[in-house]
Amino acid sequence: MSEKPVDKTKIRSAKKMRDLMTTYYLDALSAQQNNKQVAWITSGGPVEPLVAMDIIPVYPENHGAMIGSAKMGEDLCGKAEDMGYSSDLCSYARTDIACSVVKGGPIGGLPKPDMLICCNNICGTVLKWYEVQARFYNVPLFILDTPVCHTGYSPEIAEYVRTQVDEYIVFLENMTKRKLDHDKMTQVGKLSFEAQHLWQKVLNTTAHKPSPMSAFDAFFFLALIVTLRGTRTVVDFYKELIAEMEQRITEGISVVPNEKYRLLWDNLPVWYQLKWLSSKFSQHNACLVADTYTSAWCGAIKYIDENNFLDSIGQAYTRIYLNIGVDQMAQEVLDMIRFYDVNGLVMHSNRSCKPYSFGQMDIMNIVRKKTGIPVLMIEADMVDPRSFSQSQVENRIDAFMEIIKQREK
Amino acid sequence: MKEIDRFHAAVNDSRATALNIHRAGRKTIGYLCSYAPEEIIHAAGFHPMRLFSSKHEIILAENHLQSYCCSLVRGILEDSLAGRLDFLDGTVFPHTCDSMQRLSDIWRMNGKYRFFVDLVLPAKLNTKSAAIYMEKVLARFKEDLEAASGKKITDTDLSDAIVLCNRIRKHLFFVYEWNFRHPGVIRGADLYALVKGAMIMDKKEAADLLAGVVSSLEQSAPPAGKAKRLILSGSVCDTPDIFDAVEKAGGAIVGDDLCTGRRWFDGLVAEDAPPLSGIAQRYGNRMTCPAKHAGLTARADTLVSLVREHKADGVAFLLLKFCDPHAFDYPYLKQALDKQGIKSMAFEMDDQQSSHGQFSTRMETFIHML
């Protein structure tokens, strides 16, 4: 083959993905001119009713990730701190709150919301964050309260969440002054269900050795299942992405040229250090083949009934990865360790995300006990680079990889 | 007032308090949050006891919780792992913040006590469906307790417990009101020992002793001095030195919105309502913890009217380091006070804090500003 290896490892679909996201953001930013309403929604919130009602969903968390990747986190976090927000608060929230005031960030701020939809299945932070934004923009806030399923899903929780799904629809009908078209809702539900299946399939391709893509690619391709779930666009795109991955597998193209070691990542990405971390692990012939974060957008698919979407999403949105007990999270980590056949676990202890990070040490101990694989914990923050010490992390990664190499000899 | 010594004693040795209560026939169920329904625990024949950090050095909890977890959560876990809470028969974790949520998992997974319940209360307190859910969660909790004790909880048991807890609330409310009318009638450290002690000691004993405190206070009504009148706002304030520092700096505490203060005893459970409905309704009506949602400006409205009603000169925010819900609310609460021309200052606290020098200096500066 005459192609250079660097070209071969590049994933072609990335360009299309960038174009889709650009179109999406342009649509969102011009919503007002097109007489469309904008709803800000949490990343784990049920977006499908918005899609069915022709409301443009906008994700402050995706925006936070963009700010982090663009390395604009430090400046915006600082601005929030000047406004009185503690530097210990979530950096997605800090940057978003600051961005609303100063119109900063890579796209000059998000389009103004007509309403806010907050689902607390990912954390209690979003509740506080959305309260701040509801006061700032003076727009209605709908809270979908999904009680934590520490050990299971009780009938009380089921009834409470199901009722709130109806309240959510009524809220949207009041906001749009239109009735929900149930046929369209069914169609959107089926597309969301299919997209989640396809996303799982994308992630599953990395079980192949060598892996055709890495968790760093998953962090990138994730944006679509988060933002446009329930549209045909996502379904079509992931089909193409799967085809490309399968082709790479057939041709033996791996994302890490000499993949020898396979690792699992836990927690959100360190958005401003993706490139560095990716090349750091590559230098050790290690590929981060999977992660607990991107799989959260298909992990609750078992609870969805595509023919009875609104009745089933209560449970599906309540029983997501972060809204369960730490012991169940550990079980899911163990399942992933086996499925992707990894040699080590890298945990990002993320100062910004307490519900994700507290409990990690117990998960670490369970993983060590049950699998014996080495576990590395990196102290960082997803967006605020002030909590990241590159030299320290580098030393720890080198030492960790040394242990793995000795074990796998 | 000799009664106050009993409260200080309970505060200083919760273990001995629990063992005495155990000898008298009640096992202790610990809780960590003001949304724990003490009435139901008491009605089940258990003793509800609020847990605080003993402020020992964090050693064992280092293996479970990172350094950016609040000192209260880490401190209580440390106490449990070190065996300092072995007097407990069980614990209940009402759902509040993310840190408590994960503490509950870690606590359960490293389980040391016979009885464990997650009381997954709603985060919303201002909708009908949340109120219905709240009541059902309480009903489930009642069943869990019945299973643990092997005895049915009757409506009479519940009503008696409600009346008893209401007595404590009424007495504490009187003490607060008397103190606001006659600032300095009771030292801040004593005031908060009464509240904290009532969370720790036997309910009936607390109610009876508080009745004594109330009648003693009624005998003394010193005229208001020149002290600056302060409202405290924040989460848990478990450092009595803080109150002394406020007074030394020329301040008098005339009210609070604290988890270890009025938020815990605010509002009464309606004694003529079905018991569980009454308990649930009180949570919806009382001062709100920022981990709960009772409206977009509920906490600011409460704080501003607290300042107005208590003729306060300023508000001191006592913010526990790494406490997210309070840190999120601080800028908007400050703004609401600013708008009304009410002065305020934020103080970052840590349960493990050993030196209060800096606190005292800043408090003096603040009080001079008022």
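Hi everyone, let's start with one cysteine: Cys298(A) is buried, with a relative accessible area of 1%. Buried here means under 20% relative accessible area, exposed means over 50%, and partly exposed lies in between, using a 1.4 Å probe and protein chains only.

Before going on, a word on where this comes from. This is a predicted model, where local features need pLDDT of at least 70, side-chain atom pairs count only at pLDDT 80 or more, and totals for chains, interfaces and linings use all residues. Residues are numbered from 1 along each chain as its sequence is written, chains are lettered from A and ligands numbered from 1 in the order in which they are written, and side-chain values use heavy atoms, with hydrogens and water left out.

Back to cysteines. How many disulfides are there over all chains? The search of the whole structure finds zero, where a disulfide is a pair of cysteine sulfur atoms within 2.5 Å. For Cys298(A), the nearest cysteine sulfur belongs to Cys119(A), 17 Å away. Cys77(A) is in no disulfide either, and its nearest cysteine sulfur, in Cys90(A), is 8.7 Å away. Cys77(A) is buried too, with a relative accessible area of 0%.

Now for the charged residues. Side chains of opposite charge can pair when their charged atoms come close. We call it a salt bridge when a side-chain nitrogen of Lys or Arg is within 4 Å of a carboxyl oxygen of Asp or Glu. That rule gives 51 salt bridges over all chains.

Which residue of chain B pairs with Glu156(A)? Look for Arg140(B), with the closest N and O atoms 2.7 Å apart. This pair crosses between chains, from helix α8 (residues 155–176) of chain A to helix α6 (residues 128–149) of chain B. Helices (H or I, at least four residues) and strands (E, at least two) are DSSP runs, numbered from the N terminus. Glu156(A) counts as buried at 12% relative accessibility, while Arg140(B) is partly exposed at 33%.

Staying within chain A, Asp384(A) and Arg386(A) meet in a salt bridge at 2.8 Å, N to O. Asp384(A) is buried at 3% relative accessible area, and Arg386(A) is partly exposed at 40%.

My last stop is in chain B, where Asp257(B) and Arg299(B) form a salt bridge with their closest N and O atoms 3.3 Å apart. Asp257(B) sits in strand β6 (residues 251–257) and Arg299(B) in helix α13 (residues 298–309), 42 residues apart. Both residues are buried. They also belong to a network of salt bridges that includes Lys128(A), Glu131(A), Arg263(B) and Asp329(B).
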